[in-house]
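The sequence and structure are shown first.

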Amino acid sequence: MAIRAPYRSLRGISAVVALLAIGAVGCSDVSDAVDSAKDGAKKVARQRSVFSLDLGDCYNPNGKAEGTAYAVEIVPCDEAHEGQVVGEFAIDEGKEYPGDDEVAAIADERCPVEAQKYAPDTWALPKGVELYYYTPTKESWATGDRAVSCTYTAEKSTFKGSLDTVKSLEPEQATYLEGSNAVYEALWANQPEKDTIEDDLAGYKVQAKAVAAALDAHVKGLGDIEGAEVGKLRATLTKAAGNWKKAANAADADAFYTAYEPAFTDIDPNESVAARKELGLATTVPADEAEVWAS
């Protein structure tokens, strides 16, 4: 009789593991066979249940497709690896399983927040790394599983080193990143579902109000940081905050558009490159952000 442990779902990646077997090889290549056996044995020894993943663990998933996971290969972070756990939290939704969609929605909302506590500068992430998460399934929920593990994972490549950068930040770097991250979080977290302002002026005004408030806080934080480029950015963002406030108070769609265009332009990530360089932070705008403002 086979006994299956409850599994957990990984959005975007499958790591289902049952058995790892080392196949037979030809006698003419004994050395390669020995090396392969050693590598296989090492991988087996490094297997860990997805239920025991810890914050900071670097790992390789056992598979690529979307699906479920029983175990992953835990590796030292200075070795090439595909993923790292950068956040964790427990879902508090009562006794009944809330459903796959609700669990995913909770992870979608919480994981970016948890990840930024661990790796605040998304510009410094390795190329190709995206945010994923392990979540409970209906089966594992029944056994008491409530944990969500947020991970940065490179689907098509690997990276070396830990993404735990928060401890190495200088106070002014941390202040800048906290304010900057809050601005873009306010922008995207409040993005209305309707594509046009005319179809949801009230929703876009709510978004504008949230961005204006985040900008005010960011500008205030920048006031305590010295540097010519930081000063220039502060002036630009002060102007942007004013336009976002005008958009938030717009009487109609035309007035909103008039304020929104310069407001959006002035929070273009490219506007912050010089200040980031002055602060010693990463200066390459992530491709997805660059694309948004380029269009």
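The text below treats the disulfides and then the salt bridges.

The model is predicted: local features need pLDDT of at least 70, side-chain atom pairs count only at pLDDT 80 or more, and totals for chains, interfaces and linings use all residues. Residues are numbered from 1 along each chain as its sequence is written, and side-chain values use heavy atoms, with hydrogens and water left out.

**Disulfides**

A disulfide is taken as a pair of cysteine sulfur atoms within 2.5 Å. With the bonded cysteines numbered in sequence order, the pairing reads 1-2, 3-4.

| Disulfide | S to S distance |
|---|---|
| Cys58 and Cys77 | 2.0 Å |
| Cys111 and Cys150 | 2.1 Å |

The S-S torsion of Cys58 and Cys77 is about 95°, so this disulfide is right-handed. Cys58 belongs to strand β3 (residues 58-61), while Cys77 sits in the loop between β5 (71-75) and β6 (83-90), so the bond ties together parts 19 residues apart in sequence. Helices (H or I, at least four residues) and strands (E, at least two) are DSSP runs, numbered from the N terminus. Cys58 is buried at 1% relative accessible area, whereas Cys77 is partly exposed at 21%. Here buried means under 20% relative accessible area, exposed over 50%, and partly exposed in between (1.4 Å probe, protein chains only).

For Cys111 and Cys150 the torsion about the S-S bond is about -80°, so the disulfide is left-handed. This pair links distant parts of the chain, with Cys111 in helix α2 (residues 100-118) and Cys150 in strand β8 (residues 147-154), 39 residues apart. Cys111 is buried, with a relative accessible area of 0%, and Cys150 is buried with a value of 0%.

**Salt bridges**

A salt bridge requires a side-chain nitrogen of Lys or Arg within 4 Å of a carboxyl oxygen of Asp or Glu. The count by this rule is nine. Within helix α2, Arg110 and Glu114 lie four residues apart, about one turn of the helix, and their side chains meet at 3.2 Å, N to O. Glu114 also forms a salt bridge with Lys117, at 3.3 Å between the closest N and O atoms. Glu114 is buried at 11% relative accessibility, Arg110 is partly exposed at 33%, and Lys117 is exposed at 52%.

Another salt bridge joins Asp266 and Lys239 (3.7 Å, N to O). Salt bridges that share partners also connect Arg48, Asp54 and Asp57 into one network.
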